[in-house]
Amino acid sequence: MGTVTLGVSIAVPEPYGSFLQERRAGFGDPAAHGIPTHVTLLPPTEVDVAALPAVEDHLARVAAEGRPFPMRLEGTGTFRPLSPVVFVRIVEGAEECAVLQERIRAESGPCARELQFPYHPHVTVAHGIDEEAMDRAFAELKEYEAAWTITGFALYEQGADGVWRLDREYPFGADEQPGGVPPVVPRQVDLSRPAAPSR
């Protein structure tokens, strides 16, 4: 039946998502319009088509155990020289993202996989473009701020044209509960280490 390339992410909502996508395009990143503005939870992963129902069931279970949490973006960062990426920093909500991505990649589940680099949640605004444009992205968005409440995540599929398209949304199942940290606390995740996650 073949394979598909999937990714799981938290969408950056409007008006922030379109603004950052347009800025990414304006810096000369050719991938900008094919990648919705997001925070990665599962990087591009090839799976068998036959495994899709199991993947969807697994994501639904992870979402059912989660509950909303605040996210705040502020300023810019970069993975250079390790990787040619400039991003907007997550200053609130990073720990919760780390919890979610660990659950999604659980060894016992259908999305189990190792990461090439330590997990470091962020919002990419430039990737693989010339150094001058990367510097401009870093400088022009250094005062950028945005905040909202995360209420779920989504599954995306990459088409043959390279464009990522929404497949299904997974709202958290505990909206009525106070607080914002998913119930299970994972091992300590070092978010200070540099990384080069997916685009």
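Which residue forms a salt bridge with R165? In this predicted model, the partner is D161, and the closest N and O atoms are 2.6 Å apart. A salt bridge here is a side-chain nitrogen of Lys or Arg within 4 Å of a carboxyl oxygen of Asp or Glu. D161 is partly exposed, with a relative accessible area of 49%. R165 is partly exposed as well, at 42%. Buried stands for under 20% relative accessible area, exposed for over 50%, and partly exposed for values in between (1.4 Å probe, protein chains only).

Residues are numbered from 1 along each chain as its sequence is written. Local features need pLDDT of at least 70, side-chain atom pairs count only at pLDDT 80 or more, totals for chains, interfaces and linings use all residues, and side-chain values use heavy atoms, with hydrogens and water left out.

The protein has 4 helices and 8 strands. Along the sequence they follow the pattern β-α-β-α-β-β-α-β-α-β-β-β. Helices (H or I, at least four residues) and strands (E, at least two) are DSSP runs, numbered from the N terminus. Of the 199 residues, 47% count as buried. The accessible surface comes to about 9,800 Å². Carbon and sulfur atoms hold 51% of that surface. Areas come from the Shrake-Rupley method with a 1.4 Å probe; for residues, only the protein chains shown count as cover. Among contacts with a separation of 6 or more, 77% join residues 24 or more positions apart. Contact means heavy atoms within 4.5 Å.

In soluble globular proteins, nonpolar side chains tend to be buried together. The largest nonpolar core in this model has 45 residues. Such a core is a set of buried Ala, Val, Leu, Ile, Met, Phe, Trp, Tyr and Cys residues joined through side-chain atoms within 4.5 Å. I10, L41, M71, L73, I104 and F153 touch the most other members. Leaving out residues up to four places away in sequence, F153 touches V8, S9, I10, L41, L59, V62, A63, L100, I104, E169, Y170 and F172. Another core, of 5 residues, lies apart from the largest one. Its members include A31, I35, A154 and W164.

The whole structure contains 9 salt bridges. One of them pairs D135 with R80 at 3.0 Å, N to O. D135 lies in helix α4 (residues 131-140) and R80 in the loop between β3 (69-78) and β4 (85-92), so the pair ties together parts that are 55 residues apart in sequence. Both count as partly exposed, D135 at 41% relative accessibility and R80 at 22%. Helix α4 also holds E140 and R136, 4 residues apart, about one turn of the helix. Their side chains meet in a salt bridge at 3.5 Å, N to O. E140 is partly exposed at 39%, and R136 is partly exposed at 35%. Salt bridges that share partners join R23, R136 and E140 into one network.

R105 presents another case. This residue is in the loop between α3 (94-104) and β5 (123-127). R105 is buried yet has no salt bridge. E102, the nearest side chain of opposite charge, is 5.4 Å away. For charge, Lys and Arg count as positive and Asp and Glu as negative; His and the chain ends are not counted. The side chain of R105 instead reaches the backbone oxygen of R113 at 2.8 Å. Beyond its neighbours within four places in sequence, R105 is in contact with L42, C111, A112, R113, E114 and L115.

Technical notes: Polar contact = N/O pair within 3.5 Å; in protein donor to acceptor, adjacent residues only side chain to side chain.
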